Amino acid sequence: MPYLTNLQIVHAIKRVAQTAKQENLVDGEGRGTGRLLLCIKLMPSRVTSDWMAQQYRDGKRVKRKIGTYPTMTLAEAREIFSRDYAKVIEKGQSIKIAMDTRAGSVADLFAGYVLHLKEANKPSWSQIEYTLGKLAVLLGPKRPARDIEAEDIIAAIRPIYLRGKRSMADHVRSHVRSAYGWGLKSEHDYRSTSPRRFHLKGNPAATIPTEPKVVGTRWLNEDEFVRLFRWLECPDVPVHPPYTRAARVIMLTGQRVEEIARLHISQWDSAERIIDWSKTKNNRPHAIPVPALAAELLDEIVPNEFGWLFPSQFDPSHPVTAGTLYSFTWRQRERGVIPYASNRDLRRTWKTLAGKAGISKEIRDRIQNHALQDVSSKNYDRWTYMPEKRKAMDVWNAFVIDMFKQPPQSPMEPIDHESRPNMVQLIDFDEARSRLR
């Protein structure tokens with residue numbers, strides 16, 4: 001059977017438009033029980049022309065759409081059929097499992113990894129998308145991902161490190177390593193519906209050393225806790241009000257910064273004074289009764305039209321990011337008007353002061369949703385511990401009220417910048433996103 005020509009296709013489309021009879025044009029002889037077809041038929045408003053891969057298997061004819069003419073040209077259809085379907089048909093396999101056999105590019109790998117994070121409801125997916133998007137430009141977005149070597153990644157990360165952004169450089173390295181780790185697994189994941197495979201030979205970021213991790217030990221004593229809380233209630237400089245409220249809720253509940261930042265009205269039960277997350281960082285549901293002080297604060301908040309309790313100042317359709325909550329207090333700590341502490345230190349502060357208030361470590365762990373690794377907790381114990389948590393939060397609430405009644409112990413001490421840990425300046429991701437738009 002002769003091969004198709006573009007002139008034959010044009011004439012066939014005209015005939016179908018006049019006769020309203022469907023035509024199937026075959027390209028070539030179709031050896032190996034498979035062939036490339038162009039199915040032309042009249043629809044109510046137009047004539048459609050679809051490229052199809054056809055296979056005879058187990059006495060039945062099976063078709064799968066490849067593309068649409070003229071968006072996909074005759075030459076492109078032949079190339080895709082030969083590349084992705086011909087070998088599958090020759091092996092006697094079903095064309096239903098055929099896929100794009102080209103090696104995926106750097107942009108394909110990063111986009112697939114970000115989509116994986118998004119489908120898993122990871123709150124950091126947008127920040128990682130932004131970071132990997134910038135890195136893809138440096139590596140070459142159209143380069144095959146398998147051709148990237150460790151030297152390429154090092155050359156892209158080193159300028160960040162030399163600017164003094166050591167933590168950021170390590171985060172970029174971590175994101176690249178995770179993306180390639182996902183790519184290696186997706187190659188053999190029968191559950192994956194990704195149309196692209198990457199044919200990776202290894203993880204080029206696996207041998208790049210990590211930045212030494214500094215384990216935080218900072219926590220606020222009672223006097224520092226009160227000073228910071230009072231400043232957040234009435235800051236001496238303009239601050240977007242949702243940011244100060246979010247920081248106070250973190251101080252009063254001891255929860256993770258990301259989970260408080262993304263708090264939605266649907267997660268807050270005012271009548272029961274309970275915050276309920278269906279999924280958290282450790283992939284488990286989590287619910288806590290909040291102390292009365294936090295309940296009063298949350299009840300005063302009017303959620304925006306999108307339901308966020310702590311919306312971004314620059315994009316109200318999104319909640320504030322953890323990065324922004326870190327950033328907005330940075331200059332205030334530098335001015336010395338508030339105690340030096342990161343928002344993660346506030347979670348450590350709650351853990352410490354709640355222990356001083358008399359709350360057992362087991363209940364503190366459960367309130368802060370720390371993963372319990374013993375067999376009983378992991379596999380058998382399904383009690384919510386809500387009564388115990390509520391009693392503990394009442395104890396904590398009374399402890400905080402008592403702290404507020406105490407007079408200040410000492411004036412604010414100046415910050416020793418030389419002895420303070422070397423911290424990198426954090427990015428306001430909300431502002432960065434708005435600028436990109």
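**Chatting through a predicted model**

Me: Where does pLDDT stay under 50?
Reply: Over residues 413–437, and for that stretch the model has 44 contacts beyond four places in sequence. Here pLDDT is the predictor's confidence in each residue, from 0 to 100, and a contact means heavy atoms within 4.5 Å.

Me: Okay, and what is the mean pLDDT of the protein?
Reply: The mean is 84, and 88% of the residues reach 70 or more. This is a predicted model, so to speak of local features a pLDDT of at least 70 is needed, side-chain atom pairs count only at pLDDT 80 or more, and totals for chains, interfaces and linings use all residues. Residues are numbered from 1 along each chain as its sequence is written, and side-chain values use heavy atoms, with hydrogens and water left out.

Me: Thanks! How many helices and strands does the protein have?
Reply: There are 17 helices and 9 strands. Both are DSSP runs numbered from the N terminus: helices are H or I with at least four residues, strands are E with at least two.

Me: What share of the residues counts as buried?
Reply: 45% of the 437 residues. Buried means under 20% relative accessible area, exposed means over 50%, and partly exposed is in between, with a 1.4 Å probe and protein chains only.

Me: Switching to sheets: in what order do S7, S8 and S9 sit?
Reply: The 3 strands form an open, antiparallel sheet ordered S7-S8-S9. S7 and S9 are the edge strands, each pairing on one side only. Two strands pair if DSSP finds at least two bridges between them.

Me: How many bridges does each pair have?
Reply: S7 and S8 pair over 2 bridges, while S8 (residues 274–277) and S9 pair over 4 bridges. Trp-268 has Ile-275 in S8 as its bridge partner, and Asp-276 stands opposite Ala-287 in S9.

Me: Which way do the residues of S9 point?
Reply: In S9 (residues 286–289), His-286 and Ile-288 point one way, and Ala-287 and Pro-289 point the other way. All four are buried.

Me: Is Gln-267 buried or exposed?
Reply: Gln-267 is buried, at a relative accessible area of 18%. Its place is the loop between helix H9 (257–261) and strand S7 (268–269). Leaving aside residues up to four places away in sequence, Gln-267 touches Arg-262, Ile-274, Ile-275, Asp-276 and Trp-277.

Me: Pockets next. What volume does the second largest pocket have?
Reply: About 540 Å³. Its lining has 22 residues, and Pro-285, Arg-366, Asn-369, Trp-383 and Lys-389 lie nearest the centre. S8, S9, helix H14 (361–367), helix H15 (375–380) and helix H16 (386–405) each give at least two residues to that lining.

Me: How are a pocket and a cavity told apart?
Reply: On a 1 Å grid over the protein atoms alone, a cavity is a set of points where a 1.4 Å probe fits but cannot get out, whereas a pocket is an open set with protein on both sides within 12 Å along at least five of seven lines; lining residues have an atom within 4 Å of a point. Grid points are joined across faces, edges and corners, and the volume is the space filled by probe spheres set on the points.

Me: What is phi for Ala-20 and for Tyr-385?
Reply: Ala-20 has a positive phi of about 65 degrees, and phi of Tyr-385 is near 60 degrees. Ala-20 lies in the loop between helix H1 (6–19) and strand S1 (23–27) and is partly exposed at 47% relative accessible area. Tyr-385 lies in the loop between H15 and H16 and is buried at 14%.
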